[in-house]
Amino acid sequence: MKAILTKEYGNADVLKLAEIDKPIIGDGEVLIQVISTSVNPMEWKVRNGEMKMMTGKTPPEILGSDFSGIVSKIGSSITGFKKGDEVYGMTDGLKGGAYAEYLKINEDMFAIKPGNLSFDEAASLPMVAQTAYQALVHKAQVKKGDHILINGCTGGVGSVAVQIAKALGCTVTGVCSTKNIEFAKSLGADHIIDYKKDDLLENENSYDSIFDTIGNHSFAEFKKTLKAGGVCVTTSPTIPAMLFGSVLNLFRSKKAKIIMVASSKQDLDAIRTMFQNAQIKPQIAHTFPIEEIKDAHNLSEKGRVVGKIVLKIQ
Ligand SMILES: NC(=O)c1ccc[n+]([C@@H]2O[C@H](COP(=O)([O-])OP(=O)(O)OC[C@H]3O[C@@H](n4cnc5c(N)ncnc54)[C@H](OP(=O)(O)O)[C@@H]3O)[C@@H](O)[C@H]2O)c1
């Protein structure tokens, strides 16, 4: 099968197209024929060695988290899926596997693809939509009527987060740059803070929750903008926050939380319902054939993408 191999850490030049054998599945695994995948910052952070502490001396041989595709073969103990099912899901991003024509995966890490989405659209979602859903629903436990601040509301995660928060009945203030204001409004943001002109920290005691997808402000800075009892969830925690955050939360009314996304069939099922009800729409910024993976990584690494980058494998 065709796959993008990563034998060493480095810039996008370490990504090499190759022919290798298909994975062999065990009893509890499923073989997926991958139709499309997507680029997340996670993959180039793993590729360039930023996450070596978790990935070890060499990177995973095949990177890639998101996928959409078709069930090709099931292990003997699999009951929830059958050959031919159209599915979408996410690997463990630190282990990868999705930049290939076939991948093997456990059945609790993917779900039936939303029927109204193409394979490209479905592949743009699993990481960003699960990150946004798990941050808002599981971590912040937002509810109808809450006012939510979304820092970085036009990126892959932020653009889905705005739509999920609106679908849950929240009022959303989105933080973006001047050029992306109209896009942020089109996603449903009720209020915009243009970070090029305004200070997002100036509205004191305003938000029930903050979802920070950028990591350019500390919890100490965000705290004053939260209402009493508010929660700030970040995708980019500092090491002290990872080590001590949950202990410190025991002694403070405003809580700092971290999202570390993990693929869940249950969450993908809930997200599918939101897509099928047209409460949220995928936002694809660019589509590349898998052969142009280097260009796709270089583009993502600039940090300016509005929506998602999709990679077509088949
Ligand atoms: N912990 C987890 O489980 C988890 C999961 C998923 C992602 N992440 C992390 O979350 C971060 C976001 O991921 P992503 O996929 O959304 O990235 P992305 O799509 O690459 O984000 C790019 C977007 O960020 C905006 N942006 C850049 N600087 C900004 C600023 N100062 N204020 C507001 N917006 C700004 C850009 O718009 P402008 O050019 O207009 O500024 C662009 O639209 C990454 O660091 C990623 O690694 C973590």
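Predicted model: local features only at pLDDT ≥ 70, side-chain atom pairs only at ≥ 80, totals over all residues.
Residues are numbered from 1 along each chain as its sequence is written, and side-chain values use heavy atoms, with hydrogens and water left out.

**Ligand shell**

Around the ligand stand 26 residues, among which S177, N180, Y195, I259 and R304 come nearest; a residue is near if one of its heavy atoms lies within 4 Å of the molecule. The shell comprises ten nonpolar, 13 polar and three charged residues (Ala, Val, Leu, Ile, Met, Phe, Trp, Tyr, Cys and Pro count as nonpolar, Asp, Glu, Lys and Arg as charged, the others, Gly among them, as polar). Domain 1 (2-125 + 282-312) and domain 2 (128-258) each contribute at least three residues to the shell, the bounds coming from an automatic or database domain assignment.

| Residue | Part of residue | Distance |
|---|---|---|
| K45 | side chain | 2.7 Å |
| V261 | backbone | 2.8 Å |
| R304 | side chain | 2.5 Å |

Taken alone, the ligand exposes 940 Å², of which the protein buries 88% (Shrake-Rupley method, 1.4 Å probe).

**Second largest pocket**

The second largest pocket holds about 480 Å³ of space. Its lining consists of 25 residues, with F219, T234, T238, A241 and A256 nearest the centre; a pocket is an open set of points on a 1 Å grid where a 1.4 Å probe fits, with protein on both sides within 12 Å along at least five of seven lines, and lining residues have an atom within 4 Å of a point. The volume is the space filled by probe spheres set on the points, which are joined across faces, edges and corners. With eight residues, α8 gives the most to this lining (helices are DSSP runs of H or I, at least four residues; strands are runs of E, at least two). By class, the pocket lining has eleven nonpolar, ten polar and four charged residues.

Notes: Polar contact = N/O pair within 3.5 Å; in protein donor to acceptor, adjacent residues only side chain to side chain.
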